Amino acid sequence: MEPRQHLPAKRNNGDRLVAVVTGASSGFGMLTTLELARQGYLVVATMRDTANNRILIQQVGEARLTEFIECMPLDVTDHGAIGDTVNRIIYKHGQIDILVNNAGMAIGGCIEEIPMEDWEKQMDVNFFGLVAMTQAVLPFMRERRQGKVIQISSISGRLGFPGYGPYAASKFAVEGFSEALRLEMLPFGVHVVLVEPGAFKTSIWNKGFDHMAARVPADSPYSRYFNAILRYSKNTADHADDPQEVAYAVARIARSRYPRLRYTLGKGARMSILGKALLPWKWFERILIRELEK
Ligand SMILES: NC(=O)c1ccc[n+]([C@@H]2O[C@H](COP(=O)([O-])OP(=O)(O)OC[C@H]3O[C@@H](n4cnc5c(N)ncnc54)[C@H](OP(=O)(O)O)[C@@H]3O)[C@@H](O)[C@H]2O)c1
């Protein structure tokens with residue numbers, strides 16, 4: 001008989017498997033929380049400020065999923081709170097089967113002009129937060145010899161776009177960390193997976209644009225090139241894909257028996273990866289810069 005490729009979201013005793021999502025107050029995190037609950041998981045939706053859970057709670061109510069989603073406060077830069085939160089979840093639910101490291105933000109600007117504290121902030125949330133969260137959950141997965149750590153990386157973890165240096169650096173770090181971790185954990189039956197979305201319509205874009213535009217003064221030597229990048233980014237954001245696609249993909253990965261290391265999502269992202277792999281870098285960069293300067 002063929003082995004089943006999709007796992008049930010239930011334990012042997014019929015209880016739901018437990019998924020933990022970070023940054024669940026909006027965007028991919030919120031949609032993934034809902035999708036995992038629909039697919040049969042009990043989801044602990046963590047977020048910096050549980051006062052921001054209004055939209056999630058409303059959608060949970062409409063979908064009649066209230067008893068399967070629990071909100072907990074968690075700022076992923078607070079490493080002490082991470083340990084306490086994970087222990088609370090284990091105490092209450094006994095196990096963690098799926099961790100979705102989703103919390104993130106994007107800092108842009110021109111590398112020469114970005115202050116060090118912004119680099120640190122970017123790495124604290126997107127990288128060190130994800131490392132701390134993963135470290136806290138791993139012992140419980142390793143002991144049970146099962147579990148999945150799903151990292152919401154980005155196309156920016158495969159390709160460094162100009163104007164997004166800190167963001168690209170943080171996501172490249174996530175990629176290297178996760179490749180190494182995948183190989184460390186496979187012998188223990190724990191799967192580490194990278195999800196690499198291209199451009200999807202969430203609030204991360206607008207939050208970043210306001211900050212970026214304010215950052216580059218009109219007399220900056222970068223201002224012309226930077227404004228072209230900003231225009232290109234806004235246009236990309238306007239035509240970005242439906243974020244529900246990412247939530248579906250994460251839920252499919254959660255239930256997959258043998259998930260791959262990487263899932264690149266969105267047409268543009270797949271094309272970029274293909275272009276980078278097939279074209280000589282000199283050609284590729286020429287095309288990219290020409291596109292940006294249009
Ligand atoms: N949208 C895209 O096109 C795209 C593409 C590739 C990758 N991604 C990645 O997808 C992930 C989710 O982003 P999104 O697009 O869904 O944007 P989003 O709607 O802005 O969601 C980001 C979430 O992360 C949370 N967050 C930020 N800092 C945090 C912290 N210190 N502790 C805990 N949570 C924190 C935010 O919470 P607050 O509401 O409290 O700020 C928010 O809930 C990010 O890792 C992002 O890099 C997005």
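Visitor: Why is Ser178 called buried?

Guide: Ser178 has a relative accessible area of 0%, and buried means under 20% relative accessible area, exposed over 50% and partly exposed in between, with a 1.4 Å probe and protein chains only, so Ser178 counts as buried. This is a predicted model, in which local features need pLDDT of at least 70 and side-chain atom pairs count only at pLDDT 80 or more, while totals for chains, interfaces and linings use all residues. Residues are numbered from 1 along each chain as its sequence is written, and side-chain values use heavy atoms, with hydrogens and water left out.

Visitor: Where is Ser178 found, and with which residues is Ser178 in contact, leaving aside neighbours within four places in sequence?

Guide: Ser178 is found in helix H5, helices being DSSP runs of H or I with at least four residues, and strands runs of E with at least two, numbered from the N terminus. Leaving aside neighbours within four places in sequence, Ser178 is in contact, that is, has heavy atoms within 4.5 Å, with Gln151, Val192, Leu194 and Leu261.

Visitor: What makes H4 roughly parallel to H5?

Guide: Helix H4 (residues 116-144) and helix H5 (residues 165-185) pack at an angle of about 15°, with their axes 8 Å apart, where axes are lines fitted to C-alpha atoms, for helices over the stretch in contact, and angles run from 0 to 180 degrees between N-to-C directions. Angles under 35 degrees count as roughly parallel, over 145 as roughly antiparallel, 65 to 115 as roughly perpendicular and the rest as oblique, so H4 is roughly parallel to H5. Among the residues that make the contact are Trp119 and Phe127 of H4 and Tyr167 and Phe177 of H5. By class, this contact of H4 with H5 has 14 nonpolar, five polar and two charged residues, with Ala, Val, Leu, Ile, Met, Phe, Trp, Tyr, Cys and Pro counted as nonpolar, Asp, Glu, Lys and Arg as charged, and the others, Gly among them, as polar.

Visitor: Why are H6 and H7 called roughly antiparallel?

Guide: Helix H6 (residues 204-215) and helix H7 (residues 223-238) pack at an angle of about 165°, with their axes 11 Å apart, and since that angle falls in the range given for roughly antiparallel, the two helices are described in that way. Residues that meet there include Trp205 and Phe209 in H6 and Phe226 and Leu230 in H7.

Visitor: What makes a set of residues a nonpolar core, and how many residues has the largest one?

Guide: A nonpolar core is a set of buried Ala, Val, Leu, Ile, Met, Phe, Trp, Tyr and Cys residues joined through side-chain atoms within 4.5 Å. The largest has 33 residues, and those with the most contacts inside it are Leu36, Tyr41, Ile69 and Val195. Helix H8 (residues 244-255) gives the most to this core, with six residues. A second, separate core of 23 residues includes Ile82, Ile89, Ala136 and Met185.

Visitor: What is the phi of Arg64?

Guide: Arg64 has a positive phi of about 55° although it is not a glycine. Most residues other than glycine have a negative phi.
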